[in-house]
Amino acid sequence: MILACTLITSLIGAQLTYFLIHKKHLTTVRASAAPALIFSVIITTLPIPFSAALRAGFLGATFVGMTDKSRLGWKRVAVASFIYGLVFYFLLPLVDGFGGGLGAAAFTSCGLVFFLDKAFRRYFKNLFLRAYKRL
């Protein structure tokens, strides 16, 4: 239940921030802070026992949504936010006490999606070029 809620909030947080930056042309910090503040106010009114984790997860997911459009499109941001949700749920409790965990998790998930995309494009490009040369 907590994992599903974390994944859903991270997906919403990243996509909403990405939408506000690239479609509504808000500044990056405002596009991250405004949804995080509104989400925090709304979630504190609900009787959810793990609301603090959801607020932190949502705020960190807005860091994923701050990605530049030239690096990751909205589909890759969705994948990165999913990876961020997994990292947030499984790994961040292990590094409790170290600062910058949300930003590091967001950077790691975005970097992983970026490099996997580049690797797959290069691999399939070479694969198609070899198949084309055989014809």
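Reply: Helix α3 passes helix α4 in a right-handed crossing, a crossing being right-handed if the near helix is turned clockwise from the far one by less than a right angle, and left-handed if anticlockwise. The contact (heavy atoms within 4.5 Å) is made by A53, A56, G57, G60, A61, V64 and G65 of α3 and by V77, A80, S81, Y84 and F88 of α4. By class, it has eight nonpolar, four polar and no charged residues; Ala, Val, Leu, Ile, Met, Phe, Trp, Tyr, Cys and Pro count as nonpolar, Asp, Glu, Lys and Arg as charged, and the others, Gly among them, as polar. The two helices pack at an angle of about 145°, with their axes 10 Å apart; axes are lines fitted to C-alpha atoms over the stretch in contact, and angles run from 0 to 180 degrees between N-to-C directions.

The model is predicted: local features need pLDDT of at least 70 and side-chain atom pairs pLDDT 80 or more, while totals for chains, interfaces and linings use all residues. Residues are numbered from 1 along each chain as its sequence is written, and side-chain values use heavy atoms, without hydrogens and water.

Helices are DSSP runs of H or I with at least four residues, numbered from the N terminus. Helix α4 covers residues 74–90, and its end C-alpha atoms are 24 Å apart, which agrees with the 24 Å that its 17 residues should span at 1.5 Å a residue, the expected span being 1.5 Å times one less than the number of residues.

In α4, V77, A78, A80, S81, Y84, G85, V87 and F88 are buried, meaning under 20% relative accessible area with a 1.4 Å probe, protein chains only. Their cover includes α1 (2–22), α3 (51–65) and α5 (101–134).

Key. Buried means under 20% relative accessible area, exposed over 50%, partly exposed in between (1.4 Å probe, protein chains only).
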